[in-house]
Amino acid sequence: MHICVLGAGVIGVTSAYRLLEAGHQVTLVDAAALPGSETSLGNGAQLSYSYVAPLADPSVWSHWPEYLFGADSPLTLRPKMDPAQWRWLLKFLAACNTKRVRQTTVDLLRLAFFSREQLQQLTQAVPLDFQYRSAGKLVMYGDAKGLDSARKQIAFQAEHGCQQQIIDAARCVEIEPALANAKRDWAGGVYTASEEAGDCALFCRQLVGAMSQQSGFRFAHSQRIHQLEMRNGALTAVHAGQEQIDADAFVLALGSASADFARRAGFSLPLYPLKGYSITVPLIDSANQAAAPQVSITDLAKKIVYARLGERLRVAGRVELVGMDRSIPAAAIDELKRGVSELFPGCGDLSDSASLSPWSGFRPATPSGVPLIGATPVKNLYLNVGHGSLGWTLAHGSATLLTQLIAGRATAIDASPFSFSA
Ligand SMILES: Cc1cc2nc3c(=O)[nH]c(=O)nc-3n(C[C@H](O)[C@H](O)[C@H](O)COP(=O)(O)OP(=O)(O)OC[C@H]3O[C@@H](n4cnc5c(N)ncnc54)[C@H](O)[C@@H]3O)c2cc1C
């Protein structure tokens, strides 16, 4: 079959790889010149297989005033006259209950572990250099109460295959010596040795480079999709830039732009863009490099994540429900810079924000945090969307699952939690 994959973020690129591997002819289309140029560009870089608990959590109920009015809240809601925002919020709140969160966590852990296997298999088949590292992850807790409540989650996740340890602050420093210079105290942490990290955009670019050597693959770059051709309940072509691309089947992987495409194809997707920011600190000399962490870190008190990418440190944070506002306010970048100078002083020169590649991106999020993979009401259009805060982590398993669903074969893991119902 000729399959056209719409969107060359990490979800579209991995989908294209698995479909090509399965013997299909694949055209990958994107508005940008290079793959991985939108949300897959500056994300937190963590392959976070054991930290998949969704944002929709019962604790959200007690934090509303902070989200709406708190100047320093890591989650900000700016209510808009936008029915899509309100519809999404109502479904999000409905998902904020313990039973649903537990089920979502189990479904996502299964997909995440499958993803880890698939990434390992892929990198054995296609050698790629994307600053991959398997140095583990430490989630730091500011107070003993938070750390204590993590115990329950860890016991629950242990039943589903996670191996995580609760450790005190001194042990955190043994695991990550760069924390010895931190200018702040914390209570302790949760350490997961099996977590990984890597540069998501570099991965996308290298994988597209490798696929481009194969005859059945074409990357139609710099082609913005602006029109759809439908006939008898099927999508027959998309118009992208000056091109008309006909195909037997299409995969929708346009990240946050997928909701708009779906609307034009006649159905509604429960997706909302959750905005976040990052900076990338160049670790110029050996003193900077020694002061930066090797282990991936999540600072829960500030909701900032850190990942080492060779001689750079990626620092990401914030969740904002503000629509597709692409601005990068200085305050958001200053918050990330403050986080770095408190936890890892001396790891880089933070004075010039422009040298830190300030970035904003939009997590394509479903209300429950569960991605949508598989069939749509349009008979030859398939979904691979809605990976929210975990697209880099879940991409590899999602792509294989999608390919198995398109083939009508038995799937490696239960695909039903990810199916779309209109
Ligand atoms: C601050 C932040 C930190 C994050 N940290 C992590 C992390 O540590 N670990 C993790 O697993 N995930 C993380 N994520 C989430 C992850 O980055 C996303 O889930 C993932 O990148 C989504 O990939 P995607 O392919 O669906 O979307 P995108 O990467 O946005 O790709 C969509 C593509 O569609 C293209 N496109 C859109 N409209 C059109 C059009 N009309 N025509 C043609 N092309 C079009 C775009 O150019 C883009 O290339 C983070 C996200 C943010 C914002």
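Residues are numbered from 1 along each chain as its sequence is written. In this predicted model, local features need pLDDT of at least 70 and side-chain atom pairs count only at pLDDT 80 or more, while totals for chains, interfaces and linings use all residues; side-chain values use heavy atoms, with hydrogens and water left out.

The chain has eleven helices and 20 strands (DSSP runs numbered from the N terminus, with at least four residues of H or I for a helix and at least two of E for a strand). Its radius of gyration, taken over C-alpha atoms, is 21 Å, close to the 22 Å from the globule rule for 422 residues (2.2 Å times the number of residues to the power 0.38), so the chain is as compact as a globular protein of that length.

Turning to the ligand, 33 residues surround it, and Asp30, Ser40, Gln46, Gly388 and Thr393 are the closest; a residue counts here if one of its heavy atoms lies within 4 Å. One nitrogen atom of the ligand is 3.0 Å from a polar backbone atom of Ala31, and a backbone N or O atom of Ile225 lies 2.8 Å from a nitrogen atom of the ligand. An oxygen atom of the ligand is 3.1 Å from a polar backbone atom of Trp392. The protein covers 94% of the 1,000 Å² of accessible area that the ligand has on its own (Shrake-Rupley method, 1.4 Å probe). Helix H1 (10–21), strand S14 (272–282), strand S18 (359–365) and helix H11 (391–407) each give two or more residues to this shell, and S18 gives the most, with four.

What is the volume of the second largest pocket? It is about 720 Å³, the space filled by probe spheres set on the grid points. A pocket is an open set of points on a 1 Å grid where a 1.4 Å probe fits, with protein on both sides within 12 Å along at least five of seven lines; lining residues have an atom within 4 Å of a point. Of its 32 lining residues, Trp88, Leu269, Pro270, Leu271 and Pro367 are closest to the centre.

Terms used:
A polar contact is a pair of N or O atoms within 3.5 Å; within protein, one must be able to donate a hydrogen and the other to accept it, and residues adjacent in sequence count only if both atoms are side-chain atoms.
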